[in-house]
Amino acid sequence: MKKKICVVTATRAEYGLLRPVILALMNESCFEVEVAATAAHLSPEFGLTYKEIENDGIKISKKIETLLSSDTPVSISKCMGLTMISFAEYFDESRPDALLVLGDRYETLAVCCAAMNARVPIIHMYGGETTEGAVDEAVRHSITKMSMLHFTSTEAYRKRVIQLGENPDNVFRVGAVGIENIMKMRLMEKKELAASLSFALNKPYAVVTFHPVTLENNSAEDQFAELLKALERHKELKYIFTKANADAGGRIINKMIDDYAAGNPDVAAFESLGNLRYLSALKYAEMAMGNSSSGIVEAPSFGIPTINIGDRQKGRIKAESVVNCVPNCEDISAAIDKALSPAFRDKAARAVNPYGDGHTTEKIVKVIKDKFQRGGFDLKKKFFDVEFGTESADRGGV
């Protein structure tokens, strides 16, 4: 009998990474794949990005609306509650043999809670990573503890998942799907990209993505204002903005982007570029800028600098092409100057991306197939204890 795997996606960026895995699983005769789209995918405010899934020829088995028209901490919690209720009903109807999720979104945590209660084994992509400035950090590690099978992007992250008590036999380093997308997708020519964006790429440009730092109190507006001030000092560049996620404070940033872009021929703003246009935009950009994980994971593969602003991505493994700076105008402007310098551009062009070799999907599918062929999942998993040396164990005394 075919094994039914449910794949849940809530955001544009998450889907771009899940897409090749979904397609590869669909091509396996031993699997029946159900895709559930939820949250921002179904919101006009965030670009109705479920259409990107359908345009890729992937059938959406279930659309589950959970996003509220607010991004306060209270509304985020209410969204999580609605997500858990809705997916509890969905899992009771669908009864999948496994759930595949990626990353660290609060919606994903709620989905995993419902799956855990429904005794649906969870397969988790990209545990072990650290983002010290965002609530994603705690969400990611929580999903790890609910999951039965783990795929990490680096060996350091694999070791961290094991440190969290997961059996090494169930933790696999596979690299980042984003690197695979870059290597295998046919990206757009520059003229084709400009026509698709309705934005002239007639001078150097940067791709800017900035999200709220969700473990800070109401910092989004002030930090983004500092970024915009820095951009005003660098009129030699054009700017392509992709808007913030549906995080607490995200709507403030998106309004500021719209206001900044209004009437400015050197600025373009998009709710979502989609995976193809986004990677194509990075290919021809002078730099990536902001605090998105894509600047850490994907941008280095194009040999361009990344300006990583603030603490949202603090703790991630980074290539030498990444310039870290604090979220104030002076520091951001200095980072732009550095990223534009010939010496640093040469360094970025030679930087090694630590996130894999471009063969991630085939590794993931092989492990999942092998898991089911060996009998599937034991929900009564044991905590794997890491052996500590005497010195480190003694530090815990009181």
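This is a predicted model: local features need pLDDT of at least 70, side-chain atom pairs count only at pLDDT 80 or more; totals for chains, interfaces and linings use all residues.
A nonpolar core is a set of buried Ala, Val, Leu, Ile, Met, Phe, Trp, Tyr and Cys residues joined through side-chain atoms within 4.5 Å. Buried means under 20% relative accessible area, exposed over 50%, and partly exposed in between (1.4 Å probe, protein chains only). Residues are numbered from 1 along each chain as its sequence is written, and side-chain values use heavy atoms, with hydrogens and water left out.

The largest nonpolar core holds 42 residues. Within it, L25, L100, M125, F151 and I368 touch the most other members. Helix α1 (residues 12–26) supplies the largest share of this core, 7 residues. Helices (H or I, at least four residues) and strands (E, at least two) are DSSP runs, numbered from the N terminus. A second, separate core has 31 residues, among them L227, M256, M287 and F344. Contact means heavy atoms within 4.5 Å. Residues up to four places away in sequence aside, L25 touches I5, F31, V33, L100, V365 and I368.

N170 sits in the loop between α6 (155–163) and β7 (171–173). N170 counts as buried because its relative accessibility is 18%. Beyond its neighbours within four places in sequence, N170 contacts M148, L149, H150 and K371.

An open sheet is formed by 6 strands in the order β10-β9-β8-β11-β12-β13, with parallel pairing. Two strands pair if DSSP finds at least two bridges between them. β10 (267–270) and β13 (322–325) each have a single partner strand, so one side of each lacks a neighbour in the sheet. Strand β9 (residues 238–242) pairs with β10 over 4 bridges, in the parallel sense. Y239 has V267 in β10 as its bridge partner.

The structure contains 28 salt bridges. A salt bridge is a side-chain nitrogen of Lys or Arg within 4 Å of a carboxyl oxygen of Asp or Glu. E54 pairs with K63, their closest N and O atoms lying 3.3 Å apart. E54 is partly exposed at 37% relative accessibility, and K63 is partly exposed at 41%. In the salt bridge of E93 with K62, the closest N and O atoms are 4.0 Å apart. E93 lies in helix α3 (residues 73–94) and K62 in strand β3 (residues 62–64), so the pair ties together parts 31 residues apart in sequence. E93 is exposed at 58%; K62 is partly exposed at 32%.
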